[in-house]
Amino acid sequence: MSTTPRVRAPELRGRAWLNTGGQELKLADLKGRITILDFWTFCCINCLHVLDELRPLEEKYGDVLVVIGVHSPKFEHEKDPAALAAAVERYGVAHPVLDDSELITWQQYAAKAWPTLSVIDPEGYVVATMAGEGHVEGLTRLVDDLVATHEARGTLRRGDGPYVPPAEPTTALRFPGKAVALPGGSLLVSDSARHSLVELAADGETAVRRIGSGQRGRADGDPAAASFAEPQGMVLLPPHAAEIAGYDVVVADTVNHLLRGVRLATGEVSTVAGTGRQWRSTVDDHAHDALSIDLSSPWDLAWYDGRVIVAMAGIHQLWWFDPVRRTTGVFAGTTVEALRDGPLPDVWLAQPSGLSTATDGSRLWIADSETSALRYVADGVLHTAVGQGLFDFGHVDGPAEGALLQHPLGVAALPDGSVLVADTYNGAVRRYDPATGLVSTVASGLAEPSDVLPTPDGGVLVVESAAHRLTGLAPGALAAAGARVQGSRHRAERPPTEVAAGAVTLDVVFTPAPGQKLDTSFGPSTRLVVSASPPELLLDGAGTGTELSRQLVVNPDVPSGVLQVVAQAATCDAEAEHAACHLSRQDWGVPVRVVAVGPTRLPLVLRGLD
């Protein structure tokens, strides 16, 4: 543990509380309990990973530990209290949540990244801060230490926590994610919050059958026995591939970090790729046995260039999966979360969440959600059609170079070469026409549309996720899409960090958890990757190295930008005969403002206290 002076935890302040039965919590209410503040935002896949990492801790330490989600929004839509309430239900958040819409508590705790965890001891002091994922082992050891210490002091209070569960909903679907048309005219929909698939008749309403028990799990088997965990995208295999593979549909079983195969004739479900463990490794260009490799939150799927392409949202990449050879590997992306085009695979993506192949097979269209971008692959090169970066978003139509989206999750290529986009946080369906270079709005006023599906009659079905239904747009909606919306432009309102022009020391703070040490068994235990947007922001210091401290030289002629920092640290148990290994990792996109006289040190906490 750090030897720095004890820091009293600031009070929790925000707009409102969720999951407390209307009670406004204060730190005094948490006295005697160990508290973990989880700073999150519901667009962020890394935050969703941490929600799942915390579930077993909440169960194990339920009488001494209180987890509080501090929702500190990035996108404009995430400031909507109704949208936050929906997200809390959608992702099964079973602890109190503070709506920190103005980032007040975020700033009080000096958070700089989503997700960030702050641990408060039973006496009200901050004892650890952790950014990113992979901290569950360290948290377990820390909680054990705090329980022992404060039980001995008499300062630990056991009992029920402040969580009050919401009422159980009754709709037929609950936060559906994606839809795919089946050969007989019916539709297969991922009923994500109910952990199953539902086959609907062609009307998009009548349920034909349900595949999956409805309970969170990863069991294979018949439709009643099989289980999923928040499944999202699906793709229908071509007949020749389906015949060899032995199943017809591939499903992105997102929270299980798996791909599943479904045989339509029987509804039988099998696991076809992934181990069930979340990917935390290094990128390579090899083909792997599909069942031997870890995946990370696969979100959507498409058939392109003779293979299934996987939107691997959890690590900002695209992967390929060959159902015939039963192999998988990286298709595009380096795991850096940002926007950079160019030849595959050395490109940057940011939580790709929607895929669609052009009807002639020439392009793979991508909804790149965290950059609010529409992108495409053609002839081995990634291009951006609409979108400007991680922190620029809005609802603006017109020429593509100035048009803006807000966290799109779905995309569908049309026969005429244009593309529909489920512009999720704008509540809209947008259309981009490559022939004219124009973006227009097809429909608005929708509740978090997450997918779009063209129908044979020229209409469009929209998966209206937050309304728990499929909604049909009239066949004439596409023809009437000429009107343009001149809406708002936004930038994420995270306060920029001031840095001095010239020499700046970047320090990533990492202190191993109690009982752990840095692991050098397979080479250096730490890794640091630094880049900038625009690249001219850094005159020196960009690149990859093994030290967590680096000297940067900031360009005085660039007034602002974003520092992209990726840090990871490998640890192992210090005194175990067969030591377990652990990997902590975080991607920071740090907005900076360059000033003539200012801080010459930029600290980022991976784990510990600064």
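**Entry: the largest pocket**

I started with the lining of the largest pocket, which by class has 15 nonpolar, nine polar and ten charged residues. I kept in mind that this is a predicted model. The space in this largest pocket comes to about 800 Å³. I counted 34 residues in its lining, and those closest to its centre are Arg55, Gly92, Val93, Ala94 and Tyr163. Which elements give two or more residues to this lining? I found α1, β4 (65-71) and α2 (81-90).

**Entry: the largest cavity**

The largest cavity holds about 260 Å³ of space. It is lined by 21 residues, and I noted Trp114, Glu337, Asp587, Trp588 and Gly589 as the closest to its centre.

I then checked which elements supply this lining. At least two residues each come from α1, β43 (560-573) and β44 (581-595). Of the elements, β44 gives the most, with four residues. Sorted by class, the lining of the largest cavity has ten nonpolar, five polar and six charged residues.

**Entry: the second largest cavity**

I put the volume of the second largest cavity at about 210 Å³. Its lining has 22 residues, and Phe42, Arg90, Tyr91, Trp299 and Leu409 lie nearest its centre. Here the elements that give two or more residues are α1 and β8 (176-181). I sorted this lining too, and it divides into ten nonpolar, nine polar and three charged residues.

**Entry: helix α1 and its partner**

Two packed helices are described by the angle between their axes and the distance between the axes, so I looked up both values. Helix α1 (residues 45-60) packs with helix α4 (residues 136-153) at an angle of about 20 degrees, and their axes are 10 Å apart. Are the two roughly parallel or roughly antiparallel? Angles under 35 degrees count as roughly parallel, and α1 and α4 are therefore roughly parallel to each other. I noted their crossing as right-handed.

Which residues make the contact? On α1 they are Glu53, Leu54, Leu57 and Lys60, and on α4 they are Val136, Leu139 and Thr140. I divided the residues of this contact by class and got four nonpolar, one polar and two charged.

Methods. Residues numbered from 1 in each chain as written. Predicted model: local features only at pLDDT ≥ 70, side-chain atom pairs only at ≥ 80, totals over all residues. Heavy atoms only, no water. Axes fitted to C-alpha atoms, helices over the stretch in contact; angles between N-to-C directions. Parallel < 35°, antiparallel > 145°, perpendicular 65-115°, else oblique. Left-handed = near helix turned anticlockwise from the far one by under 90°. Contact = heavy atoms within 4.5 Å. Nonpolar A, V, L, I, M, F, W, Y, C, P; charged D, E, K, R; others polar. 1 Å grid on protein atoms, 1.4 Å probe; cavity = no way out; pocket = protein on both sides within 12 Å on 5 of 7 lines; lining within 4 Å. Points joined across faces, edges and corners; volume = space filled by probe spheres on them.
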